[in-house]
Amino acid sequence: MKNISFNKSNRLGYYLMMLVLFTLAACQSGVELPKGDADNGGLTLPGGFEAVVVADSVGRARHLTVRDNGDIYVKLRVANEEGQGIVALRDTDNDGKADIVKVFGGYTENGGYGTGMEIYNGYYYFSTAGDVFRMKIDPEKLVPEGEAELILRDDYKNAEHGFEHIAKPLAFDNEGNMYVPFGSPGDVCQEFNRRPGMAGMFPCPQLEWHGGIWRFDANKLNQTQKDGYRYATGIRSVVAMDWNDKENSLYVVQHGRDNLYRTWPDLYSRWESAVLPSEEFFKVEDGTNGGWPYFYYDHIRGKKLLNPEYGGDKELATGVDSIAMPLMGFPGHYAPNDLFFYTGDQFPERYKDGAFVAFHGSTIRGPYPQAGYFVGFVPFEGGKPSGPWEVFADGFAQLDTIVNTGDAAARPMGISMGPDGSLYITESVKGKIWRVMYPGNKEDFTEDALAVLEERKKTRTNIKKPSEEEDNLEKGMLEIGAQTYNVYCATCHQSNGLGDGTRFPTLSQTKWVRGNKKQLIKVLLQGLEGQIDVKGVSYNGIMPAHSFLSDAQIAGVLTYIRKSFGNNSSSISAIEVGNVRKEIE
């Protein structure tokens with residue numbers, strides 16, 4: 001190579017040229033990004049963003065991580081019979097689509113419900129509900145060939161109170177430590193879990209080994225919970241967790257408690273039970289106490305309040321000064337299942353160092369629409385939110401009003417970042433994986449790009465705060481259901497649903513009505529004949545098929561039956577009816 005020297009003028013010109021090139025490079029996301037899918041894989045994103053579906057269905061995906069060469073590793077909820085529960089994916093031609101997909105693992109499934117998937121210090125770390133393993137990365141190979149090493153085993157020896165929230169997401173600091181939550185063994189620390197009207201135990205004995213986050217040596221094999229250090233307490237259930245390198249601190253988003261109405265119907269309405277309590281976003285430091293089981297957070301009022309199990313009346317907040325307040329409260333039951341702080345340079349500057357949250361979606365918001373099912377974003381500055389939360393990616397469910405969780409086509413689950421700053425998202429129904437990119441000039445990004453998603457935040461039933469009257473799904477369904485019942489069912493089963501005791505069975509509090517929804521739908525679609533037993537009484541008649549009714553009519557009448565005559569069971573949606581109809585046709 002020739003030696004080149006510069007005079008002062010040439011050096012100044014050179015530096016200016018390099019500054020221009022650097023600025024241009026900083027403004028561009030790069031020319032190597034693949035083209036996004038025409039429909040962004042079904043997602044609605046801020047203006048200028050694109051998404052490509054990397055893989056359509058790898059299995060019931062949970063968390064994921066991406067290697068520095070772009071290879072993707074996804075933890076499945078449950079391993080196969082060979083103990084293989086990790087999916088490795090590689091895109092060899094840079095079209096955004098994985099053309100090599102391999103499953104590996106070689107570990108014993110302990111408790112199912114696998115979640116964690118992280119790369120740390122040259123290893124893949126991953127978890128089942130009961131164990132944390134690691135495998136050595138082979139830089140030359142997509143799939144490692146070594147054995148899985150056991151880092152941590154939940155031996156349940158500390159589970160005298162039971163165990164319920166046992167997912168084990170993983171986070172690592174920069175000093176060789178691994179952080180693992182051990183969730184609460186029940187809802188709110190009652191002697192008999194989820195018992196309506198029962199007081200909570202005080203002090204809560206469960207907090208010794210549950211409802212907190214423990215710190216472990218990330219490099220030590222064969223640990224149990226007793227080898228760890230209780231880093232934080234009073235945190236009910238965590239699946240969304242990330243170590244923020246810029247702040248050198250752990251952050252989590254907690255799942256709030258359940259069923260305020262079911263357990264305290266004289267104090268809380270069904271609407272309050274649907275939207276409360278908040279999913280709390282915490283900065284977690286050594287000794288943090290999040291307040292579970294004594295307190296919950298009401299994001300609408302911006303207050304931490306005593307739980308009714310501890311004398312709360314929706315106003316009392318005795319002792320709240322002794323616990324940590326959340327950075328932010330998200331609406332109830334959104335189910336935050338992953339948290340990721342964005343450190344890349346591909347996205348516009350407003351996303352730098354901000355937090356992405358995958359909301360897996362609610363299951364217990366009825367009779368209001370189920371909510372969540374999107375990826376949110378929280379801008380950050382100085383280690384705390386610098387603005388309200390936003391919707392970043394929506395459309396996973398592929399429908400607006402979600403009556404039952406099973407209606408959703410996809411439920412966002414895991415978030416990670418590739419080496420070029422692309423954001424990867426998994427979902428847990430079939431295991432679709434999206435790669436979200438910003439291919440344009442970052443300087444062109446303005447607040448106008450957020451307008452579509454801001455409108456969805458106000459109007460989509462899976463995101464907005466529901467109207468207590470207008471968004472009550474049962475109101476319309478029960479009216480339709482009652483009309484259909486009176487026309488087609490009441491003649492035999494009587495208007496009170498009790499039947500006649502000889503030819504026509506009761507519909508009150510029977511396993512036929514309150515049990516398997518799919519079987520109940522089949523009965524209405526196909527009819528039923530032959531001897532059956534209902535509450536100890538035998539019936540031998542013929543119920544004709546009602547397949548001539550529409551999916552909406554069948555959903556309405558079955559919801560009416562399941563909500564009436566003392567049944568108090570969950571709703572049935574037209575989508576569920578349609579799925580069963582397709583199966584039997």
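Me: Two strands pair if DSSP finds at least two bridges between them, so in which sense do strand 9 and strand 13 pair here?

Reply: Strand 9 and strand 13 (residues 223-224) pair in the parallel sense over two bridges, and arginine 153 stands opposite threonine 224 in strand 13. This is a predicted model, in which local features need pLDDT of at least 70 and side-chain atom pairs count only at pLDDT 80 or more, while totals for chains, interfaces and linings use all residues. Residues are numbered from 1 along each chain as its sequence is written, and side-chain values use heavy atoms, leaving out hydrogens and water.

Me: And in which sense does strand 8 pair with strand 9?

Reply: Strand 8 (residues 131-136) pairs with strand 9 (residues 149-153) in the antiparallel sense, over four bridges, with phenylalanine 133 standing opposite leucine 150 in strand 9. Strands are DSSP E runs of at least two residues and helices are H or I runs of at least four, numbered from the N terminus.

Me: Switching to serine 416, is that buried or exposed?

Reply: Serine 416, found in strand 27 (residues 412-417), counts as buried because its relative accessibility is 6%, the cut-off being under 20% with a 1.4 Å probe and protein chains only.

Me: What is it in contact with?

Reply: Leaving aside neighbours within four places in sequence, serine 416 is in contact (heavy atoms within 4.5 Å) with residues including Leu64, Phe340 and Tyr424.

Me: Last one: which residues of helix 5 are buried?

Reply: They are Glu474, Met477, Gly481, Ala482, Thr484 and Tyr485, and these buried residues pack against helix 3 (270-275), helix 6 (490-493) and helix 9 (551-563). At the start of helix 5, a side-chain oxygen of asparagine 472 reaches to within 3.1 Å of the backbone nitrogen of glutamate 474.

Definitions and conventions. Buried means under 20% relative accessible area, exposed over 50%, partly exposed in between (1.4 Å probe, protein chains only). A polar contact is a pair of N or O atoms within 3.5 Å; within protein, one must be able to donate a hydrogen and the other to accept it, and residues adjacent in sequence count only if both atoms are side-chain atoms. Two strands pair if DSSP finds at least two bridges between them.
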